[in-house]
Amino acid sequence: MSDTTPIPESADILVVGGGLGGVAAALAALDRGRSVLLTEETDWIGGQLTSQGVPPDEHPWIEQFGCTRRYRALRDAIREHYRRWYPLTDEARARRDLNPGEGRVSRLCHEPKVAAAVLHAMVAPYVAAGRLRILFHHRPVAATVEDDRVRGVVLEDRAGARVAVEARYVLDATELGDLLPLTGAEHVTGFESREDTGEPSAPERAQPGNMQAFSWVFAVDHVAGEDHTIDRPARYAEWAAYQPPKWPNPLISLDAPDPRTLATVRRAFLPNADTGPVFADQSRDPGDKELWSFRRVLSRRVLRPGFAASDVTIVNWPMIDYLPGPLIGVEPDEAAEHLAASRELSLSMLYWLQTEAPRPDGGTGWPGLRLRGDVMGTDDGFAKAPYIRESRRVLARRRIVEQDLSLAVRGERGAVGYPDTVGVGMYRIDLHPSTGGDTYIDVASCPFQIPLGALLPVRLRNLLPAAKNIGTTHITNGCYRLHPVEWNVGEVAGALAAHCLDQGVEPQQVHADAERLTAFQEELARDGVELAWPEIRGY
């Protein structure tokens, strides 16, 4: 390791983690005149949208309402990138709601590299002006706390060089809530107990080591007549036979439970199938029964005839959910083993698709499946980082529980209205199988609000969660973890830090004082943050 004496740095606001929440936080603070230092473990900002390779999971009203103005600007800029640089058909170019991938999971399925390019362009002016500095390939390794305030954070790059950053506000936008243990912030992991939360879907006893699966996703196209079969993974036989608890068959197959009914359903897989026009609407159809088009990110149908020989799709399917163990609460060596094993699981799924998957003509295997590293910004076609569904969660002044928003519990009343609302979101409570052997938990929900109290730690005064680490439970994390909600959370965290610096107050004071809270909410509304839903029903 090189000399570990940290190099000192400072900024008004330190945002640790360059995912969607971190980028949104940085933009909100920068637009309010503050200096920001943003860190990122990879070389792409954007998190689940980019370096983790997952197209946006969104509610069906996203084209009309239900997100912040900045998030809508991101979506518009992604579409404009395709209009500006891709040879679209006249019909595709004219569509206001252009869906480059014509994927079933979202009304805007796109290549991760395009989202990365757009996000980097969005922050570029602030970098050029010297108001934003981004430390790529850095992770937090230590923190200093005095009088319940975080005074500084030490960050380390891949070579072991360290930077010590002092900031008046510190935002945790990491994928796993890494600053919570480093700062001593009270937090929780895994399942809370039913006795604790009162949630219908919670277990009788707390299970802090039981967390949602993570996945290492990859991008492929299909070149008919060519053989792109990868080398047989070393542990292929093991993974091909692996059958998780409560799973009806080996994980690597086309059969998997329907998340909503738990009935075993055979998924269709046909590369470059002509699916016709696709209209994504999660309230009617989750879209996961036809795997090629499910998370397709580039459709040759939207391009000039003959321009592309194949679509490009993202493999983020139930069959690559990694269940043998979590990344939180284990020693670094064990976490590294899980990460390596998750990649081998995904490689095994690809090898099975290339060699053993049943074809409609009675044959087996699709050797023309080709990894697309250019789409992911990698040499091997895999995402730069694993797709993380569950983080450590801060113990906050307000905890969001299932009965606040479950459609079965709330019915026609809709979700609980929070007087401290700072945003909105909507998705079913969508919990993937977990490391403790649980199967899907999939619960209909109502369009919900984001309460400011869920962003306020119970003790620390200048640390704010800015991603999937807010005061949800294991259950409600299932609907607060998605792209537009993470963005909203981060945007509010950045806005709140800047607001507090401008007003000379602390976040807890904003929350506790009705006039101050109203003033902050009005500031958010002027900045394009929606605080409430129109009258619509959940699903």
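**Salt bridges, cysteines and exposure in a predicted model**

A search of the whole structure turns up 51 salt bridges, a salt bridge being a side-chain nitrogen of Lys or Arg within 4 Å of a carboxyl oxygen of Asp or Glu. The structure is a predicted model, so local features need pLDDT of at least 70 and side-chain atom pairs count only at pLDDT 80 or more, while totals for chains, interfaces and linings use all residues. Residues are numbered from 1 along each chain as its sequence is written, and side-chain values use heavy atoms, with hydrogens and water left out.

Take aspartate 57 and arginine 295, whose side chains meet in a salt bridge at 3.4 Å, N to O. Aspartate 57 sits in the loop between strand 2 (36-40) and helix 2 (69-85), and arginine 295 in the loop between helix 8 and strand 12 (296-298), so the pair ties together parts that are 238 residues apart in sequence. Helices (H or I, at least four residues) and strands (E, at least two) are DSSP runs, numbered from the N terminus. Aspartate 57 is buried at 3% relative accessibility, and arginine 295 is buried at 7%. Here buried means under 20% relative accessible area, exposed over 50%, and partly exposed in between (1.4 Å probe, protein chains only).

Another salt bridge joins arginine 372 to aspartate 221, with the closest N and O atoms 2.9 Å apart. This pair links distant parts of the chain, 151 residues apart: arginine 372 is in the loop between strand 15 (369-371) and helix 10 (373-376), and aspartate 221 is in strand 9 (residues 218-222). Both arginine 372 and aspartate 221 are buried. Arginine 300 and aspartate 311 also pair up, at 3.1 Å, N to O, with both residues in the loop between strand 12 and strand 13 (312-315).

Glutamate 337 belongs to helix 9 (residues 332-355) and is exposed, with a relative accessible area of 55%. Helix 1 (residues 20-30) is another story: eleven of its eleven residues are buried, so helix 1 is largely enclosed by the rest of the structure.

As for disulfides, the whole-structure search finds zero, the criterion being a pair of cysteine sulfur atoms within 2.5 Å. Cysteine 446 is in no disulfide, and the nearest cysteine sulfur, that of cysteine 479, is 10.0 Å away. For cysteine 479, that distance to cysteine 446 is too far for a bond. Cysteine 446 is buried at 3% relative accessibility, and cysteine 479 is buried at 0%.

Two residues other than glycine have a positive phi. Histidine 137, with phi near 60°, lies in the loop between strand 3 (132-136) and strand 4 (138-146) and is partly exposed at 28% relative accessible area. Asparagine 272, also with phi near 60°, lies in the loop between strand 11 (264-266) and helix 8 (291-294), but is buried at 14% relative accessibility.
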